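Please look over the model below. My notes follow as numbered points.

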Amino acid sequence: MTVPPNPHSAAAKPEPRGFPDRTGIPKALSWGFLGVLIFMIGDGVESGFLSPYLLHEGISRERVALLFTVYGVTASISAWFSGALSDLWGPRRVMMLGFGIWAALQVVFLGLAVPTHHYWLLAISYGLRGFGYPLFAYGFLVWVTAVTPRHRLGSAVGWFWFAFTGGLPTLGSLVASFTVPWLGTYRTLWFALVLVVAGGLIALLLVREPTGRNRLAPSGERPVATLLGSLSIVWRNPRIGVGAVVRTINTAAQFGFLVFLPVFFTDTLGFSLTEWLRLLAAMFATNIFFNLLFGLVGDRLGWQRTVTWFGGVGCAVTTLLLYYGTVAAGDNFALAMVLVSLFGATLAGYVPLSALMPSLAPEHKGQAMSALNLGAGASTFVGPAVVALFLGPLGVQGVMWIFAGLYLASAGLTRCLTLPAQSSASGTSLAPVPSTAEQV
(Lines give C-alpha, C1' and ligand atoms only; values in the text may rest on other atoms or scores of the structure.)
Protein backbone atom coordinates (compact mmCIF):
# COMPACT_ATOMS: atom_id res chain seq x y z
CA MET A 1 0.00 0.00 0.00
CA THR A 2 2.86 2.31 0.78
CA VAL A 3 5.68 2.79 -1.69
CA PRO A 4 8.89 2.19 0.26
CA PRO A 5 11.20 5.18 0.32
CA ASN A 6 14.27 4.97 -1.83
CA PRO A 7 17.16 4.24 0.52
CA HIS A 8 19.33 6.74 -1.32
CA SER A 9 16.77 9.54 -1.40
CA ALA A 10 17.68 11.01 1.97
CA ALA A 11 21.37 10.98 1.24
CA ALA A 12 23.34 13.90 -0.07
CA LYS A 13 22.66 14.58 -3.71
CA PRO A 14 25.26 12.82 -5.86
CA GLU A 15 26.92 14.53 -8.77
CA PRO A 16 25.17 13.65 -12.04
CA ARG A 17 26.91 10.98 -14.05
CA GLY A 18 26.08 10.22 -17.65
CA PHE A 19 23.43 11.55 -19.99
CA PRO A 20 20.34 10.14 -18.17
CA ASP A 21 21.43 11.63 -14.85
CA ARG A 22 22.16 15.01 -16.39
CA THR A 23 18.69 15.16 -17.96
CA GLY A 24 16.84 13.99 -14.84
CA ILE A 25 16.02 10.48 -16.11
CA PRO A 26 16.74 7.73 -13.55
CA LYS A 27 19.49 5.75 -15.25
CA ALA A 28 18.19 2.37 -14.11
CA LEU A 29 14.83 3.07 -15.79
CA SER A 30 16.04 4.81 -18.95
CA TRP A 31 15.04 1.96 -21.31
CA GLY A 32 11.61 2.00 -19.71
CA PHE A 33 11.01 5.60 -20.76
CA LEU A 34 11.85 4.66 -24.35
CA GLY A 35 9.61 1.61 -24.17
CA VAL A 36 6.69 3.67 -22.84
CA LEU A 37 7.20 6.23 -25.62
CA ILE A 38 7.07 3.59 -28.39
CA PHE A 39 4.19 1.72 -26.74
CA MET A 40 2.15 4.92 -26.46
CA ILE A 41 2.95 5.85 -30.07
CA GLY A 42 1.30 2.58 -31.05
CA ASP A 43 -1.62 3.23 -28.73
CA GLY A 44 -2.01 6.77 -30.11
CA VAL A 45 -1.92 5.90 -33.81
CA GLU A 46 -5.71 5.45 -33.90
CA SER A 47 -6.58 8.51 -31.83
CA GLY A 48 -7.05 10.94 -34.69
CA PHE A 49 -8.97 8.75 -37.15
CA LEU A 50 -10.70 5.83 -35.38
CA SER A 51 -13.89 7.82 -34.76
CA PRO A 52 -14.41 8.91 -38.42
CA TYR A 53 -13.28 5.47 -39.61
CA LEU A 54 -16.00 3.74 -37.58
CA LEU A 55 -18.55 6.31 -38.77
CA HIS A 56 -17.52 5.55 -42.35
CA GLU A 57 -18.04 1.85 -41.62
CA GLY A 58 -21.70 2.57 -40.86
CA ILE A 59 -21.71 2.86 -37.06
CA SER A 60 -23.82 5.74 -35.75
CA ARG A 61 -22.27 8.73 -33.99
CA GLU A 62 -24.04 7.84 -30.73
CA ARG A 63 -22.72 4.28 -30.84
CA VAL A 64 -19.21 5.48 -31.57
CA ALA A 65 -19.40 7.82 -28.56
CA LEU A 66 -20.69 4.92 -26.45
CA LEU A 67 -17.83 2.73 -27.67
CA PHE A 68 -15.29 5.34 -26.57
CA THR A 69 -17.11 5.74 -23.25
CA VAL A 70 -16.91 2.00 -22.52
CA TYR A 71 -13.22 2.11 -23.38
CA GLY A 72 -12.81 4.99 -20.94
CA VAL A 73 -14.59 3.14 -18.12
CA THR A 74 -12.28 0.15 -18.42
CA ALA A 75 -9.27 2.45 -18.66
CA SER A 76 -10.37 4.21 -15.48
CA ILE A 77 -10.69 0.94 -13.56
CA SER A 78 -7.37 -0.21 -14.94
CA ALA A 79 -5.66 3.03 -13.93
CA TRP A 80 -6.65 2.53 -10.32
CA PHE A 81 -5.59 -1.12 -10.38
CA SER A 82 -2.21 -0.14 -11.81
CA GLY A 83 -1.23 1.40 -8.48
CA ALA A 84 -2.92 -1.15 -6.24
CA LEU A 85 -1.60 -4.16 -8.17
CA SER A 86 1.89 -2.64 -8.29
CA ASP A 87 1.80 -2.68 -4.49
CA LEU A 88 0.83 -6.36 -4.56
CA TRP A 89 2.80 -7.78 -7.49
CA GLY A 90 5.40 -5.17 -8.38
CA PRO A 91 5.19 -2.70 -11.29
CA ARG A 92 6.90 -4.97 -13.81
CA ARG A 93 4.26 -7.71 -13.56
CA VAL A 94 1.53 -5.09 -13.88
CA MET A 95 3.19 -3.79 -17.05
CA MET A 96 3.37 -7.34 -18.43
CA LEU A 97 -0.36 -7.80 -17.81
CA GLY A 98 -1.23 -4.55 -19.57
CA PHE A 99 1.01 -5.42 -22.51
CA GLY A 100 -0.63 -8.82 -22.93
CA ILE A 101 -4.17 -7.46 -22.71
CA TRP A 102 -3.52 -4.74 -25.29
CA ALA A 103 -1.88 -7.04 -27.82
CA ALA A 104 -4.38 -9.91 -27.51
CA LEU A 105 -7.51 -7.77 -27.72
CA GLN A 106 -6.17 -5.71 -30.62
CA VAL A 107 -5.90 -8.96 -32.56
CA VAL A 108 -9.54 -9.78 -31.72
CA PHE A 109 -10.66 -6.23 -32.57
CA LEU A 110 -8.93 -6.19 -35.96
CA GLY A 111 -9.18 -9.86 -36.84
CA LEU A 112 -12.85 -10.46 -35.95
CA ALA A 113 -14.78 -7.35 -34.88
CA VAL A 114 -13.84 -4.84 -37.59
CA PRO A 115 -14.22 -7.19 -40.58
CA THR A 116 -17.65 -8.43 -39.40
CA HIS A 117 -18.93 -4.96 -38.30
CA HIS A 118 -20.51 -6.72 -35.30
CA TYR A 119 -21.13 -3.85 -32.87
CA TRP A 120 -21.16 -5.81 -29.63
CA LEU A 121 -17.98 -7.64 -30.60
CA LEU A 122 -16.46 -4.23 -31.35
CA ALA A 123 -17.60 -2.95 -27.96
CA ILE A 124 -16.27 -5.96 -26.06
CA SER A 125 -12.89 -6.22 -27.79
CA TYR A 126 -12.18 -2.48 -27.97
CA GLY A 127 -13.76 -1.77 -24.59
CA LEU A 128 -11.76 -4.44 -22.75
CA ARG A 129 -8.60 -3.31 -24.51
CA GLY A 130 -8.95 -0.20 -22.37
CA PHE A 131 -7.47 -2.23 -19.52
CA GLY A 132 -4.18 -2.47 -21.42
CA TYR A 133 -2.38 0.86 -21.69
CA PRO A 134 -3.04 2.14 -18.12
CA LEU A 135 -1.64 -1.04 -16.56
CA PHE A 136 1.46 -0.73 -18.71
CA ALA A 137 2.08 3.03 -18.58
CA TYR A 138 0.85 3.87 -15.09
CA GLY A 139 2.51 0.76 -13.71
CA PHE A 140 5.76 2.26 -14.97
CA LEU A 141 4.87 5.61 -13.36
CA VAL A 142 4.51 3.86 -10.00
CA TRP A 143 7.92 2.26 -10.63
CA VAL A 144 9.37 5.73 -11.29
CA THR A 145 7.98 7.18 -8.04
CA ALA A 146 9.15 4.14 -6.08
CA VAL A 147 12.83 4.38 -7.01
CA THR A 148 13.50 8.05 -7.84
CA PRO A 149 15.19 10.18 -5.15
CA ARG A 150 12.96 12.95 -3.80
CA HIS A 151 15.07 15.79 -5.12
CA ARG A 152 14.69 14.44 -8.69
CA LEU A 153 11.07 13.30 -8.58
CA GLY A 154 9.69 16.34 -10.39
CA SER A 155 12.08 15.88 -13.30
CA ALA A 156 11.45 12.14 -13.47
CA VAL A 157 7.65 12.44 -13.63
CA GLY A 158 8.08 15.23 -16.18
CA TRP A 159 10.00 12.82 -18.39
CA PHE A 160 7.31 10.17 -17.87
CA TRP A 161 4.63 12.54 -19.15
CA PHE A 162 6.97 13.58 -21.95
CA ALA A 163 7.10 9.93 -23.06
CA PHE A 164 3.40 9.30 -22.44
CA THR A 165 2.03 12.30 -24.32
CA GLY A 166 4.83 12.07 -26.85
CA GLY A 167 3.17 8.84 -27.95
CA LEU A 168 -0.53 9.44 -27.17
CA PRO A 169 -1.48 11.15 -29.33
CA THR A 170 1.46 13.28 -30.53
CA LEU A 171 3.77 10.99 -32.48
CA GLY A 172 0.97 8.46 -32.85
CA SER A 173 -1.09 10.97 -34.83
CA LEU A 174 1.97 12.06 -36.80
CA VAL A 175 2.73 8.45 -37.73
CA ALA A 176 -0.90 7.97 -38.78
CA SER A 177 -0.77 11.07 -41.00
CA PHE A 178 1.83 9.25 -43.13
CA THR A 179 0.68 5.63 -42.83
CA VAL A 180 -3.05 6.20 -43.49
CA PRO A 181 -2.43 7.58 -47.03
CA TRP A 182 0.22 4.90 -47.63
CA LEU A 183 -1.23 1.78 -45.98
CA GLY A 184 -4.89 2.70 -45.45
CA THR A 185 -6.72 2.93 -42.14
CA TYR A 186 -7.16 -0.80 -41.51
CA ARG A 187 -3.50 -1.71 -42.10
CA THR A 188 -2.44 1.28 -40.02
CA LEU A 189 -4.29 -0.24 -37.07
CA TRP A 190 -2.25 -3.43 -37.52
CA PHE A 191 0.92 -1.34 -37.68
CA ALA A 192 -0.06 0.15 -34.32
CA LEU A 193 0.10 -3.37 -32.86
CA VAL A 194 3.67 -3.74 -34.14
CA LEU A 195 4.71 -0.55 -32.34
CA VAL A 196 3.03 -1.62 -29.10
CA VAL A 197 4.80 -4.97 -29.15
CA ALA A 198 8.16 -3.28 -29.81
CA GLY A 199 7.71 -0.77 -26.98
CA GLY A 200 6.50 -3.41 -24.55
CA LEU A 201 9.45 -5.70 -25.21
CA ILE A 202 11.97 -2.86 -24.84
CA ALA A 203 10.61 -1.86 -21.43
CA LEU A 204 10.09 -5.36 -20.08
CA LEU A 205 13.31 -6.95 -21.31
CA LEU A 206 15.85 -4.14 -20.95
CA VAL A 207 14.93 -2.57 -17.58
CA ARG A 208 16.73 -4.56 -14.89
CA GLU A 209 16.04 -2.34 -11.86
CA PRO A 210 15.16 -4.76 -8.99
CA THR A 211 12.60 -2.74 -7.00
CA GLY A 212 9.96 -2.98 -9.71
CA ARG A 213 10.22 -6.77 -9.84
CA ASN A 214 8.90 -7.14 -6.28
CA ARG A 215 5.77 -6.11 -4.43
CA LEU A 216 5.89 -2.62 -2.99
CA ALA A 217 3.50 -3.15 -0.07
CA PRO A 218 4.92 -4.44 3.22
CA SER A 219 5.24 -8.22 3.21
CA GLY A 220 2.75 -8.73 6.05
CA GLU A 221 0.01 -6.62 4.54
CA ARG A 222 -3.00 -8.49 3.22
CA PRO A 223 -4.00 -8.08 -0.45
CA VAL A 224 -7.58 -7.02 0.31
CA ALA A 225 -6.38 -4.32 2.70
CA THR A 226 -3.95 -3.04 0.08
CA LEU A 227 -6.64 -2.83 -2.61
CA LEU A 228 -9.21 -1.20 -0.35
CA GLY A 229 -6.68 1.24 1.07
CA SER A 230 -5.80 2.39 -2.43
CA LEU A 231 -9.45 3.43 -2.86
CA SER A 232 -10.38 4.54 0.65
CA ILE A 233 -7.60 7.14 0.72
CA VAL A 234 -9.86 9.27 -1.50
CA TRP A 235 -12.14 9.96 1.47
CA ARG A 236 -9.66 9.31 4.30
CA ASN A 237 -7.60 12.19 2.92
CA PRO A 238 -10.05 14.58 1.21
CA ARG A 239 -7.23 16.49 -0.49
CA ILE A 240 -6.30 13.30 -2.33
CA GLY A 241 -9.91 13.00 -3.48
CA VAL A 242 -9.89 16.60 -4.68
CA GLY A 243 -6.60 15.97 -6.51
CA ALA A 244 -8.13 12.96 -8.25
CA VAL A 245 -11.04 15.12 -9.46
CA VAL A 246 -8.61 17.76 -10.75
CA ARG A 247 -6.68 15.06 -12.59
CA THR A 248 -9.91 13.80 -14.16
CA ILE A 249 -10.74 17.27 -15.48
CA ASN A 250 -7.16 17.68 -16.74
CA THR A 251 -7.49 15.36 -19.74
CA ALA A 252 -11.29 14.93 -19.96
CA ALA A 253 -11.44 17.47 -22.79
CA GLN A 254 -8.52 15.78 -24.55
CA PHE A 255 -10.36 12.46 -24.75
CA GLY A 256 -13.65 14.18 -25.52
CA PHE A 257 -12.02 16.12 -28.37
CA LEU A 258 -10.93 12.85 -29.98
CA VAL A 259 -14.58 11.85 -30.34
CA PHE A 260 -15.96 14.93 -32.13
CA LEU A 261 -13.15 17.25 -33.23
CA PRO A 262 -12.01 15.00 -36.12
CA VAL A 263 -15.48 15.29 -37.67
CA PHE A 264 -15.80 18.99 -36.75
CA PHE A 265 -12.46 19.91 -38.32
CA THR A 266 -12.96 17.84 -41.47
CA ASP A 267 -16.70 18.09 -42.19
CA THR A 268 -17.51 21.52 -40.71
CA LEU A 269 -14.30 23.52 -41.06
CA GLY A 270 -13.11 21.88 -44.27
CA PHE A 271 -9.71 20.48 -43.28
CA SER A 272 -8.52 17.24 -44.82
CA LEU A 273 -7.99 14.21 -42.58
CA THR A 274 -4.22 14.50 -43.06
CA GLU A 275 -4.31 18.17 -42.02
CA TRP A 276 -6.35 17.30 -38.93
CA LEU A 277 -3.91 14.55 -37.94
CA ARG A 278 -1.01 16.99 -38.25
CA LEU A 279 -2.85 19.59 -36.18
CA LEU A 280 -3.44 16.96 -33.51
CA ALA A 281 0.24 16.03 -33.62
CA ALA A 282 1.19 19.71 -33.26
CA MET A 283 -1.14 20.12 -30.27
CA PHE A 284 0.60 17.41 -28.33
CA ALA A 285 4.09 18.04 -29.68
CA THR A 286 3.74 21.41 -27.96
CA ASN A 287 2.36 19.65 -24.91
CA ILE A 288 5.28 17.27 -24.46
CA PHE A 289 7.85 20.08 -24.42
CA PHE A 290 5.74 22.18 -22.05
CA ASN A 291 5.50 19.12 -19.79
CA LEU A 292 9.19 19.58 -19.07
CA LEU A 293 8.92 23.37 -18.86
CA PHE A 294 6.05 23.35 -16.37
CA GLY A 295 7.91 20.79 -14.27
CA LEU A 296 10.65 23.38 -13.86
CA VAL A 297 8.16 26.22 -13.41
CA GLY A 298 6.35 24.24 -10.73
CA ASP A 299 9.57 23.71 -8.78
CA ARG A 300 10.14 27.47 -8.71
CA LEU A 301 6.69 29.04 -8.71
CA GLY A 302 4.99 26.32 -6.67
CA TRP A 303 3.19 23.19 -7.81
CA GLN A 304 -0.22 24.42 -6.67
CA ARG A 305 0.08 27.83 -8.33
CA THR A 306 1.26 26.27 -11.59
CA VAL A 307 -1.69 23.88 -11.79
CA THR A 308 -4.18 26.61 -10.85
CA TRP A 309 -3.15 29.34 -13.28
CA PHE A 310 -1.34 27.66 -16.16
CA GLY A 311 -3.44 24.48 -16.04
CA GLY A 312 -6.99 25.33 -14.96
CA VAL A 313 -7.36 28.95 -16.03
CA GLY A 314 -5.06 28.54 -19.03
CA CYS A 315 -7.00 25.56 -20.44
CA ALA A 316 -10.33 27.32 -19.97
CA VAL A 317 -9.13 30.26 -22.06
CA THR A 318 -7.46 28.19 -24.78
CA THR A 319 -10.44 25.82 -25.10
CA LEU A 320 -12.69 28.74 -26.02
CA LEU A 321 -10.02 30.25 -28.27
CA LEU A 322 -9.74 26.92 -30.08
CA TYR A 323 -13.45 26.92 -30.92
CA TYR A 324 -14.13 30.57 -31.68
CA GLY A 325 -10.83 31.14 -33.46
CA THR A 326 -11.26 28.23 -35.86
CA VAL A 327 -14.93 28.99 -36.52
CA ALA A 328 -14.04 32.60 -37.38
CA ALA A 329 -11.09 31.66 -39.62
CA GLY A 330 -12.43 28.46 -41.23
CA ASP A 331 -9.81 26.15 -42.77
CA ASN A 332 -6.90 28.49 -42.03
CA PHE A 333 -4.22 25.90 -41.27
CA ALA A 334 -1.64 28.33 -39.86
CA LEU A 335 -4.05 29.88 -37.36
CA ALA A 336 -5.43 26.48 -36.40
CA MET A 337 -1.86 25.34 -35.75
CA VAL A 338 -1.34 28.24 -33.32
CA LEU A 339 -4.63 27.64 -31.50
CA VAL A 340 -4.19 23.90 -31.03
CA SER A 341 -0.62 24.50 -29.85
CA LEU A 342 -1.81 26.99 -27.22
CA PHE A 343 -4.23 24.39 -25.86
CA GLY A 344 -1.49 21.76 -25.82
CA ALA A 345 0.81 24.11 -23.91
CA THR A 346 -1.71 24.94 -21.18
CA LEU A 347 -2.70 21.27 -20.85
CA ALA A 348 0.85 20.69 -19.57
CA GLY A 349 0.17 23.08 -16.69
CA TYR A 350 -1.27 20.12 -14.77
CA VAL A 351 2.03 18.18 -14.80
CA PRO A 352 3.03 19.16 -11.22
CA LEU A 353 0.07 17.12 -9.94
CA SER A 354 2.23 14.00 -10.34
CA ALA A 355 4.68 15.42 -7.79
CA LEU A 356 2.04 17.15 -5.65
CA MET A 357 -0.22 14.14 -5.09
CA PRO A 358 2.34 11.84 -3.41
CA SER A 359 3.45 14.74 -1.23
CA LEU A 360 -0.11 15.23 0.03
CA ALA A 361 0.12 11.81 1.68
CA PRO A 362 3.84 11.24 2.36
CA GLU A 363 3.15 8.10 4.42
CA HIS A 364 0.96 6.56 1.70
CA LYS A 365 2.57 7.54 -1.57
CA GLY A 366 1.50 4.37 -3.34
CA GLN A 367 -2.14 4.96 -2.41
CA ALA A 368 -1.90 8.58 -3.54
CA MET A 369 -0.56 7.46 -6.90
CA SER A 370 -3.48 5.03 -7.23
CA ALA A 371 -5.86 7.96 -6.72
CA LEU A 372 -3.97 10.02 -9.28
CA ASN A 373 -4.11 7.15 -11.77
CA LEU A 374 -7.81 6.68 -11.02
CA GLY A 375 -8.40 10.31 -11.94
CA ALA A 376 -6.35 9.93 -15.10
CA GLY A 377 -8.32 6.87 -16.11
CA ALA A 378 -11.65 8.49 -15.26
CA SER A 379 -10.90 11.28 -17.73
CA THR A 380 -10.94 8.77 -20.58
CA PHE A 381 -14.67 8.15 -20.08
CA VAL A 382 -15.76 11.48 -18.55
CA GLY A 383 -14.69 13.35 -21.69
CA PRO A 384 -16.49 11.07 -24.18
CA ALA A 385 -19.49 10.88 -21.82
CA VAL A 386 -19.81 14.69 -21.86
CA VAL A 387 -19.76 14.53 -25.65
CA ALA A 388 -22.31 11.70 -25.78
CA LEU A 389 -24.71 13.57 -23.47
CA PHE A 390 -24.42 17.12 -24.73
CA LEU A 391 -23.21 17.14 -28.34
CA GLY A 392 -26.70 16.45 -29.67
CA PRO A 393 -28.66 19.06 -27.68
CA LEU A 394 -25.94 21.74 -27.35
CA GLY A 395 -23.70 21.22 -30.36
CA VAL A 396 -19.94 21.71 -30.54
CA GLN A 397 -20.14 25.23 -29.07
CA GLY A 398 -22.01 24.07 -25.98
CA VAL A 399 -19.63 21.17 -25.38
CA MET A 400 -16.61 23.50 -25.59
CA TRP A 401 -18.19 25.80 -22.97
CA ILE A 402 -18.79 22.80 -20.69
CA PHE A 403 -15.13 21.80 -20.90
CA ALA A 404 -14.04 25.41 -20.27
CA GLY A 405 -16.27 25.52 -17.20
CA LEU A 406 -14.78 22.27 -15.90
CA TYR A 407 -11.28 23.71 -16.27
CA LEU A 408 -12.24 26.80 -14.24
CA ALA A 409 -13.74 24.52 -11.58
CA SER A 410 -10.46 22.59 -11.41
CA ALA A 411 -8.57 25.84 -10.84
CA GLY A 412 -10.76 26.53 -7.82
CA LEU A 413 -10.39 22.99 -6.48
CA THR A 414 -6.60 23.14 -6.79
CA ARG A 415 -6.51 25.90 -4.18
CA CYS A 416 -7.44 23.20 -1.64
CA LEU A 417 -4.29 21.19 -2.39
CA THR A 418 -1.97 22.63 0.25
CA LEU A 419 1.07 20.58 1.21
CA PRO A 420 1.83 19.32 4.71
CA ALA A 421 4.83 21.08 6.19
CA GLN A 422 6.92 17.92 6.34
CA SER A 423 6.84 14.25 5.56
CA SER A 424 6.10 12.63 8.89
CA ALA A 425 7.79 9.47 7.72
CA SER A 426 11.16 11.00 7.11
CA GLY A 427 11.04 14.47 8.63
CA THR A 428 12.14 15.85 5.27
CA SER A 429 10.05 18.03 3.01
CA LEU A 430 9.01 16.01 0.01
CA ALA A 431 8.77 18.99 -2.29
CA PRO A 432 11.96 20.39 -3.78
CA VAL A 433 10.94 23.87 -2.64
CA PRO A 434 9.60 24.95 0.77
CA SER A 435 5.98 23.96 1.20
CA THR A 436 4.98 27.49 2.12
CA ALA A 437 5.45 28.41 -1.51
CA GLU A 438 2.63 26.02 -2.35
CA GLN A 439 0.22 27.51 0.17
CA VAL A 440 0.41 31.17 -0.87
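Predicted model: local features only at pLDDT ≥ 70, side-chain atom pairs only at ≥ 80, totals over all residues.

1. Numbering runs from 1 along each chain as its sequence is written, and side-chain values use heavy atoms, with hydrogens and water left out.

2. The volume of the second largest pocket is about 270 Å³. Of its 14 lining residues, Arg61, Phe260, Val387, Leu391 and Gly392 are closest to the centre. A pocket is an open set of points on a 1 Å grid over the protein atoms alone, where a 1.4 Å probe fits, with protein on both sides within 12 Å along at least five of seven lines; lining residues have an atom within 4 Å of a point. Points are joined across faces, edges and corners, and the volume is the space filled by probe spheres set on them.

3. Which helices each supply at least two residues of that lining? They are helix 4 (61-89), helix 11 (238-268) and helix 16 (365-414). The chain has 17 helices and 0 strands. These are DSSP runs numbered from the N terminus: helices are H or I, at least four residues, and strands are E, at least two.

4. Of the 440 residues, 60% are buried. Buried means under 20% relative accessible area, exposed over 50%, and partly exposed in between (1.4 Å probe, protein chains only). Helix 15 (residues 353-360) is largely enclosed by the rest of the structure, because 8 of its 8 residues are buried. Among them are Leu353, Met357 and Pro358.

5. His117 deserves a check. Its phi is near 60°, a positive value in a residue other than glycine. Most residues other than glycine have a negative phi. His117 sits in the loop between helix 5 (91-116) and helix 6 (119-129). With 43% relative accessibility, His117 is partly exposed.

6. The structure has 0 disulfides, a disulfide being a pair of cysteine sulfur atoms within 2.5 Å. Cys315 is buried at 0% relative accessible area, whereas Cys416 is partly exposed at 42%.
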